[in-house]
Amino acid sequence: SVRAFRCHRIATLTGAAALPAAWAQTQPESPAERPSQPRVTAAHRVLHQDVGQWDAEVRFWSAPDAEPTVTKAVENAWLLGDGLWIVADFFGPLAGTNFHGHSLHGYDPTTKKYIGTWVDNMTPYLYTLEGTYNEKTRTLVMNSTGRDPGSGDVTTTRNLIHYQNDDRRTFEMHAAVEGQPGEWWKTMEIRYTRKKPAGSGQ
């Protein structure tokens, strides 16, 4: 009825009006009581070097002694919020299809490790990454753990990112040599070159 509708409407509006007061009661009363905002550190800024649009030349090796297959790709990377995380999308042809990879990287201030995840449209599995940065050589070394898309077995790869300068970096993926603990062979290399703005003349 009209009367019932009006009563329901009044009750709804009264409840909505009370929400700000209820919310305010749950908030810290002073800045000192509020949790501190996580801060972007120099360690996080290492990853900021990846921000931007990139052309990529990709090389794949099917075996240690095989000739590489060479393809072209692009990557777009941006910061999440103030820069605690960096997000990237990678696009390029692979095995006759359009490959799309998506990554998220950050820095864990408790473990002092760089961390990340990787997913793509060629596998249903999530890959997790953890590693360290060598400031002297400007190289980020991360181990990636996930399931092999063919066998489903858990595998680990060793990934290296070397920053030559602000506009160039190289990514390498290494797989473990079977039966030889601690030995690795290169399965992929990606050479990144930063895209220049139109009309820059470079």
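Me: Why does M188 count as buried?
Reply: This is a predicted model. M188 has 16% relative accessibility. Buried means under 20%, so M188 counts as buried. M188 lies in strand β10. Leaving aside neighbours within four places in sequence, M188 is in contact with residues including W61 and F171.

Me: What makes F99 and W118 a stacked pair?
Reply: Two values are needed, because a pair of aromatic rings is described by the distance of the centres and the angle of the planes. For F99 and W118 the centres are 6.3 Å apart. The cut-off is within 6.5 Å. The planes stand at 20°. F99 lies in strand β4 and W118 in strand β5.

Me: Why is W118 called partly exposed?
Reply: W118 has a relative accessible area of 25%. F99 has 12%, so F99 is buried.

Me: Why is the pair of Y114 and Y133 called edge-to-face?
Reply: Their planes are at 70°. Over 60 degrees counts as edge-to-face, so that is the name for Y114 and Y133. Y114 lies in strand β5 and Y133 in strand β6, so the pair ties together parts that are 19 residues apart in sequence.

Me: How do you know that the charged end of R169 sits over the ring of W54?
Reply: The charged end of R169 is 4.5 Å from the centre of the W54 ring. The distance limit is within 6 Å, and the charge must also be within 35 degrees of the ring normal. R169 is listed as sitting over W54, so both conditions hold. R169 also lies over the face of Y192, at 3.8 Å from the ring centre.

Notes. Residues are numbered from 1 along each chain as its sequence is written. This is a predicted model: local features need pLDDT of at least 70, side-chain atom pairs count only at pLDDT 80 or more; totals for chains, interfaces and linings use all residues. Side-chain values use heavy atoms; hydrogens and water are left out. Helices (H or I, at least four residues) and strands (E, at least two) are DSSP runs, numbered from the N terminus. Buried means under 20% relative accessible area, exposed over 50%, partly exposed in between (1.4 Å probe, protein chains only). Contact means heavy atoms within 4.5 Å. Rings of Phe, Tyr and Trp (its six-membered ring) pair if their centres lie within 6.5 Å; planes under 30 degrees apart count as stacked, over 60 as edge-to-face and the rest as tilted.
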